[in-house]
Amino acid sequence: MPTKLITKYSTTLGSAPTSSDLDVGELAVNVVDRKLYTKNNLDNVIQLSEDSSYLNVKDYGATGDGVTDDTTAIKACTDAAISADTGVFIPKGEYKVTGIILNYSKNTSGGKSIKIVGEGRGLSVIKPVGAVDYLFRAYGDTTSYGASSHPSGLLFKGFTVSGDYSTVQNVFDLAMLSYFTFEDVNTFQCKGLNLRMRECWEGDLSGLKVVRGGDADVYAISLDFYFSDRKADSACNNINFGKDFQCEASAWSAMYWGRNTRKCMMQGKIHPLLSTTYTVPALVLDGATNCTVIGSNISWKNVKSVRITNASGYIPSENIITGSTISGGVEIEGACRRNSIVYNTGGISKEQNAYIATAGQTVFAYTFLSATSSNLLVLQNGEELVLDTDYTLTGVGNANGGNVTLTTGATVSDDITISPVEDEFVTLAGGSDNIVFGNNPSGAGVEVTYASGSNFLPTIFHGKDTVATFNSNDLFARVQFTDNSGTSRVGTKEGKLFLEADPLGVTADSKVSLRVDGVEKAKVDGNGLEAADGKFTASLTRGTSGWYTGSGTPEGSVTAVVGSIYTRTDGVANETFYVKESGTGNTGWAAK
């Protein structure tokens with residue numbers, strides 16, 4: 001029969017025709033909201049997308065009623081979109097799903113630019129039910145590394161994935177992609193990996209909000225390798241977490257930037273679910289390089305907010321954290337190099353572990369980094385316990401903490417509290433050439449503690465009382481000043497001060513040492529000021545006159561200018577005191 005164009009004369013906004021109003025293929029338009037409808041061969045009335053290049057999931061049988069299982073229908077739509085190299089439209093509604101709804105692989109489908117678009121975050125809602133091993137999977141060519149291009153142009157826009165946090169529900173799994181975008185997308189209460197990216201490049205995740213994601217031992221967002229045997233190659237590159245990005249984790253770290261993740265930028269917000277006690281940082285840079293955290297807001301509880309580490313066997317380097325508000329501070333541990341933590345602000349973490357002991361209990365775990373044993377305080381019912389007398393430690397220097405073993409076991413209901421002796425904004429526990437300065441933490445504590453390694457000028461600022469204190473646990477510490485004429489240093493060794501010029505060569509036999517070209521010229525100790533060679537000279541406008549001491553006569557042995565004086569230490573009568581009366585060399589001395 002010929003196709004008719006039926007114009008509804010109902011003026012109710014949003015009114016759609018029923019199945020009985022239309023034959024298959026007929027069209028209907030609402031004159032108020034100007035929406036266009038038709039009926040397909042499954043007897044379903046569907047709204048035609050404004051952009052005919054997008055396939056509508058309702059055309060493939062999805063209901064969006066929150067009750068019907070729409071997994072098969074949505075998967076059929078995304079499969080068709082992959083085949084046609086087009087987009088998928090998800091109208092407003094709640095779509096119950098129980099399994100994967102996008103499964104794209106370049107290896108089987110070729111290079112495609114898949115787009116999944118809804119009517120808006122909170123309007124088009126996907127509701128996973130039960131355990132799901134990723135709802136959206138998009139892979140580039142994973143048959144070999146470096147021989148093929150990454151598919152580009154993928155878009156996720158305008159929808160929410162809302163779980164119930166009862167079973168593991170992983171959401172996005174992306175590998176070997178480039179130039180992909182998240183815009184106005186929210187994952188909510190999805191227990192598991194909300195986003196896994198492996199060897200993805202040039203992605204913009206500024207429009208992603210992950211709320212209450214992750215699980216015990218599971219990051220909410222993870223960046224890492226796909227080809228794990230290609231250790232020299234990069235993982236994720238140039239991923240942008242812009243100022244509108246947000247990640248809240250429920251039971252573990254929010255984000256993991258893994259092995260050789262490079263040139264990623266974080267400008268958004270990370271914070272925990274407030275009711276949870278955390279034992280790991282919010283953001284972990286494990287082997288990441290050349291990454292930047294700038295203008296971010298990172299808050300956490302119980303432990304440092306950011307950790308830079310080489311736990312995966314990759315050395316993190318050239319990372320910069322600056323201009324951010326970091327409530328818990330930063331820790332750098334292991335073989336890290338050339339990382340900069342500068343000009344940040346925030347509170348200092350109040351990390352501790354507290355226990356109600358059982359009868360005779362001896363071992364208590366602590367879950368924060370303690371750089372040395374002196375950084376740890378153990379209290380039993382409010383009384384400080386003494387190291388080597390009351391307790392011993394294991395795991396000192398480990399980023400995840402260690403154990404405290406009591407010499408005499410705690411009795412039932414004893415309060416055992418383990419905490420740092422001195423809270424610091426940055427814990428610098430190893431590495432080389434790392435820079436920490438200019439951070440401005442609030443509350444008690446210091447800017448940085450420096451445990452070991454050869455790092456640049458760790459500084460402690462105490463406000464108006466002290467300009468700067470340079471802190472080191474090495475054998476000696478020094479500050480070097482260089483201008484266009486040379487170099488000089490101020491340094492310490494074993495608590496003693498040295499003022500010197502190049503080359504550096506320290507001794508520990510004086511309180512204050514004055515050195516030139518590595519040679520000690522004078523020292524100040526308990527006996528006063530002493531010239532190392534027995535000579536005390538003063539530089540005048542013309543020549544040098546001074547007060548010299550020594551054994552024997554100066555005549556013929558001590559060179560000086562007229563006006564110098566000399567005293568003999570061997571005390572000869574009438575020849576103990578001399579004055580240089582004439583000549584320019586070592587003669588002209590007269591006894592007085």
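Modeller: A polar atom of the threonine 38 side chain lies 2.6 Å from the backbone oxygen of glutamate 26. The model is predicted.

Biologist: What makes the pair of threonine 38 and glutamate 26 a polar contact?

Modeller: The cut-off is 3.5 Å between N or O atoms. The distance here is 2.6 Å, so the pair falls within that limit.

Biologist: Why is threonine 38 called buried?

Modeller: Its relative accessibility is 10%. Buried means under 20%, so threonine 38 counts as buried.

Biologist: Where does threonine 38 lie, and what does threonine 38 touch?

Modeller: Threonine 38 lies in strand β3, residues 36–39. Leaving out residues up to four places away in sequence, threonine 38 touches Leu22, Gly25, Glu26, Leu27, Asn44, Val45, Ile46 and Leu48.

Biologist: Which residues have the most contacts inside the largest nonpolar core?

Modeller: Phe136, Met197, Met255 and Trp257, in a core of 78 residues. Helix α1, residues 71–84, gives the largest share of this core, 5 residues. Apart from it lies another core, of 14 residues, including Leu376 and Ile416.

Biologist: How do you know that β33 and β39 pair?

Modeller: Pairing needs at least two bridges. β33 and β39 have 4 bridges, so they pair. The sense is antiparallel. Tyrosine 355 stands opposite isoleucine 416 in β39.

Notes: Residues are numbered from 1 along each chain as its sequence is written. This is a predicted model: local features need pLDDT of at least 70, side-chain atom pairs count only at pLDDT 80 or more; totals for chains, interfaces and linings use all residues. Side-chain values use heavy atoms; hydrogens and water are left out. A nonpolar core is a set of buried Ala, Val, Leu, Ile, Met, Phe, Trp, Tyr and Cys residues joined through side-chain atoms within 4.5 Å. Buried means under 20% relative accessible area, exposed over 50%, partly exposed in between (1.4 Å probe, protein chains only). Helices (H or I, at least four residues) and strands (E, at least two) are DSSP runs, numbered from the N terminus. A polar contact is a pair of N or O atoms within 3.5 Å; within protein, one must be able to donate a hydrogen and the other to accept it, and residues adjacent in sequence count only if both atoms are side-chain atoms. Contact means heavy atoms within 4.5 Å.
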